[in-house]
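Please look over this protein model. The sequence and the fold come first, and a short walk through selected features follows.

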Amino acid sequence: MGVIQAQPPLRSGERLDDLLTHQLRIIQSKQVFSFSMDAVLLARFCKVPAKGRILDLCSGNGVIPLLLSTRTKARITGVELQEKLWDMARRSVEWNKLQEQIEMVCADVRDYYKTTGYGTFDLVTMNPPYMRPVTGEANVNPHVAAARHELNGGLHELIAACARHLKSGGKASIVHRPGRLADIMEAMRSVRLEPKRIRFVHPRVGEEANMVLVEATRDGKPDIRLLPPVIVYGEDGQYTKELWDIYYGEQSSLTGGENP
């Protein structure tokens, strides 16, 4: 008779949430920044290799590695600087018994290449802080502040970190605010990441986009595809069918009609 392994403990203030797909669960807490729709959309937007190695930078509580595990058998590494978030992510991996596929590392994404070396990953994903340090409302919660503001590296530094880890021909996918799109493309091209696919996310038809998904190829040739927009809410105020399919895993990707 096999030994039944105990589930990792929940710490004070934590809860176990349902990711709504593949029976995945994730540890979250009101004390830190919880994942949101942007992370889910990024995990469905990126083109994942069937095998090889995937790196998720600014990983937070590990939601993107967990969701990516439903699309590939590739090895996945998540890197998060905040020890509290890293610990939550590590235990979420254990809860889902995915230790053989996912490794969570507590490290500064800007320095992690010193551990792995250059050009060792096939895909890098990143959901970075959106706000510059001097903009937006200051937050007294240091965990939330670091998740929202570029306190541990600016946009150019973080995109450079993506590039260091990618093989030639490898892909980097990020989610950000549309207002930073010019900065994103400039930063990508400065480190030999060529933007290839862009998809805007709109709250409703007729409203401005509030998110943008960008994929670039290391050493790629110039050629950008602007994919159809993602619409979050329908006229009835409910999620569109596409959004429900994404959350429940019935639609495996947002790659724009191509094989993921």
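The model is predicted. Start with strand β8, residues 193–202. Of its 10 residues, 8 are buried, so the rest of the structure largely encloses β8. Its pairing with strand β9, residues 211–218, is antiparallel and counts 8 bridges. One of the residues bridged there is Val201, whose partner in β9 is Met211.

Strand β10 covers residues 225–226 and runs parallel to β8, with 2 bridges. Here Arg197 stands opposite Arg225. Strand β11 covers residues 230–231 and is likewise parallel to β8, again over 2 bridges.

Arg197 leads on to the rings. This arginine lies over the face of Phe45, 4.2 Å from the ring centre. Arg90 is placed over the face of Trp86, at 5.6 Å from the ring centre.

Next, rings against rings. A pair of aromatic rings is described by two values, the distance of the centres and the angle of the planes. The structure holds 4 aromatic pairs. Among them is Tyr113 with Tyr118, a tilted pair with 5.1 Å between centres and 45 degrees between planes. Are these two partners buried or exposed? Tyr113 has a relative accessibility of 18%, so it counts as buried, the limit being under 20%. Tyr118 has 58%, so it is exposed, the limit being over 50%.

Tyr239 and Trp244 form another pair. Their centres lie 5.3 Å apart and their planes meet at 65 degrees, so the pair is edge-to-face. Tyr239 is partly exposed, at 25% relative accessible area. Trp244 is also partly exposed, at 36%. Both belong to a cluster in which ring pairs link Tyr233, Tyr239, Trp244 and Tyr247.

Where does Tyr247 sit? Its place is in helix α8, residues 241–247. Tyr247 is buried, because its relative accessible area is 14%. What does Tyr247 touch, leaving aside residues up to four places away in sequence? The contacts are Leu19, Leu20, Thr21, Met37, Val40 and Tyr239. Met37 is 210 residues from Tyr247 along the chain, yet their C-alpha atoms are separated by 9.1 Å.

Notes
Residues are numbered from 1 along each chain as its sequence is written. This is a predicted model: local features need pLDDT of at least 70, side-chain atom pairs count only at pLDDT 80 or more; totals for chains, interfaces and linings use all residues. Side-chain values use heavy atoms; hydrogens and water are left out. Helices (H or I, at least four residues) and strands (E, at least two) are DSSP runs, numbered from the N terminus. Buried means under 20% relative accessible area, exposed over 50%, partly exposed in between (1.4 Å probe, protein chains only). Contact means heavy atoms within 4.5 Å. Rings of Phe, Tyr and Trp (its six-membered ring) pair if their centres lie within 6.5 Å; planes under 30 degrees apart count as stacked, over 60 as edge-to-face and the rest as tilted. A charge sits over a ring if NZ of Lys or CZ of Arg is within 6 Å of the ring centre and within 35 degrees of the ring normal. Two strands pair if DSSP finds at least two bridges between them.
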